Amino acid sequence: MRKSPVKLVIAGAGCSGLGVALAAARCGWQVLLIEAQDIASGTSTASTKLIHGGVRYLESALKRLSYADWHLVQEALHERAWMLQSHPALCHPLPILLPTRSPLQKLYYGLGLSLYEKLSSPKNLPKTTWIKKEDLYTLFPSLKAGFSGAWEYWDGQFQDRLYAVHLALFLHQRYAVDIRTRHQVTGIRAYANKVIVQIQPKEGISYEEEADFFVNATGPWIDTLRQRIRPGVPPRLRLSRGSHLVLSRQYLPLESGFLIPKTHDGRVLFVLPWLENTALVGTTDEEAPSPEWNPTVPEKEEAYLRAYLHRYFDLPQDFPIEAAFAGYRPLVATKATPTARIARTHVIEVWPQHRTLHLMGGKWTTFRKMGADAVAAIAQALSLSLPPPEPLSAIVPDLTELETYKTKYPLPIAPNESFTEGEVRFWREKGWAQTPEDIVEGRWQLHLISQKRAQKLLNILKERWETFTLQ
Ligand SMILES: Cc1cc2nc3c(=O)[nH]c(=O)nc-3n(C[C@H](O)[C@H](O)[C@H](O)COP(=O)(O)OP(=O)(O)OC[C@H]3O[C@@H](n4cnc5c(N)ncnc54)[C@H](O)[C@@H]3O)c2cc1C
């Protein structure tokens, strides 16, 4: 490794913390990433899984003449292209249909989507096209009557949690980034020209790490740490809970995404094809007072999503839900605007006297840019000129060792399951998994596909956990 001029300690291994680690490591800085739970186990596992500029934010930019929204869309569309190429096995282009009921709607949405396409740079996705009524009903056989056709536009879709885990592995393999999960940052203090970070492991005694700068990238928990460092400082975030449901495509056949452009409370809803023949529906947008570690979907939000599905599609009244998950948007605002209307731009706050930077807000799609902006701000605070970052077009880790483990321990975890003992051992020994949940949810993503199957494999792993001893 190159000799590093700067050492960073980052709290939070969601997309924000990983983005900062990526940008810092590419400049040759030394990085220690501290995560209270597991990699991307907070909001970064609960997204709609879209790599997008956000057609809704474009509409909002135009209606409210908001430069922040306009800029966010442009920036995110640029990052969309990079993310799609960064890990093609986990990110792919996705067509999404926006249905219309009248010639006026066709014109309105058509103009919006052509602007969305114009803003995209580089142009790496197919063009927006008009889908005739007959074709729309072939693509969505259970769609209710009343639509005249649809615009088909393109965005990206990805497996958020697994992408984060692969990125962590890549950062560790390529740049020797030190990643410690189930370690919580409990405070910091400035000392001479350094910052001392206090860290509490889940098991064991607390310890300190010295660094040149500290980054608070704890997403919805940003204010907890800000207020621990400076008691009494006013909060910056407003949290909004977003819930999703997953159902079998047996009840809702679809091959492309579907956008419900307007709900009665001014949101958009997505219905997207998801892993293992499921469909993902979301999201809600409910203001929440404080974040919970493992949020569940409230009945009211499930009912809301079900009601919209019934409004648009013919489905059995009590169609079964395979999985449901929720997360908190860490939105930066203090005014009383409804959370659905707060811009998703990221905000950087630097406390030079504490040698600390707080990275707030943002989107998964823009995580690389958020990280680069944070590192540029730290360089400025330290009066350093940044070397040009190492060029990087992909973040795919080397998984040869995983294959070796699978060959060495090929037994399936359960009958009719393709997951093997080798995978459990690999993720435990080399991929930061410390609990059965880390494997089932964080490496296999089963709680996002089928909660029944996730529970079954969790029970098996819990029973046999000690047999997967570390070597
Ligand atoms: C419902 C919903 C849908 C979304 N859909 C999309 C989408 O489709 N596309 C898109 O681009 N964006 C989307 N977003 C936005 C995006 O998911 C979030 O902006 C992003 O995941 C936030 O990441 P983060 O790293 O800031 O926070 P998190 O992912 O929550 O990470 C923060 C981490 O910090 C850890 N932590 C907390 N306190 C400490 C501490 N003291 N010490 C150490 N670690 C700590 C937590 O355990 C957590 O892992 C969506 C957001 C929501 C809520």
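R182 is partly exposed, because 18 other C-beta atoms lie within 10 Å. The cut-offs are these: 20 or more other C-beta atoms within 10 Å make a residue buried, 12 or fewer make it exposed, and counts in between make it partly exposed, with C-beta atoms placed from the backbone. R182 is not a glycine, yet its phi is positive, about 55°. It sits in the loop between β7 (178–181) and β8. Helices (H or I, at least four residues) and strands (E, at least two) are DSSP runs, numbered from the N terminus.

This is a predicted model: local features need pLDDT of at least 70, side-chain atom pairs count only at pLDDT 80 or more, and totals for chains, interfaces and linings use all residues. Residues are numbered from 1 along each chain as its sequence is written.

E276 also has a positive phi, about 50°, although it is not a glycine. Its place is the loop between β14 (269–274) and β15. E276 counts as partly exposed because it has 14 C-beta neighbours inside 10 Å.

Peptide bonds come next. Most residues other than glycine have a negative phi, and most peptide bonds are trans. The bond from S121 to P122 is cis, with omega near -5°. P122 lies in the loop between α4 (103–119) and β5 (129–132). Another cis bond joins G282 and T283, with omega about 10°. T283 is in the loop between β15 (278–282) and β16 (286–288).

Now the whole chain. It has 13 helices and 19 strands. Its C-alpha atoms fill a box of roughly 70 × 55 × 40 Å, taken along the principal axes. A compact globule of 471 residues would have a radius of gyration near 23 Å; the protein chain has 22 Å, which agrees. That radius is taken over C-alpha atoms, and the globule rule is 2.2 Å times the number of residues to the power 0.38. Buried residues make up 47% of the 471 residues.

Where does the ligand sit among these elements? The shell around the ligand draws two or more residues from each of α1 (15–26), β2 (30–35), β8 (183–191) and β17 (323–332). β17 gives the most, with four residues. In total, 40 residues surround the ligand, each with its backbone-placed C-beta atom within 6 Å of it. The closest are G12, G14, G42, G219 and G242.
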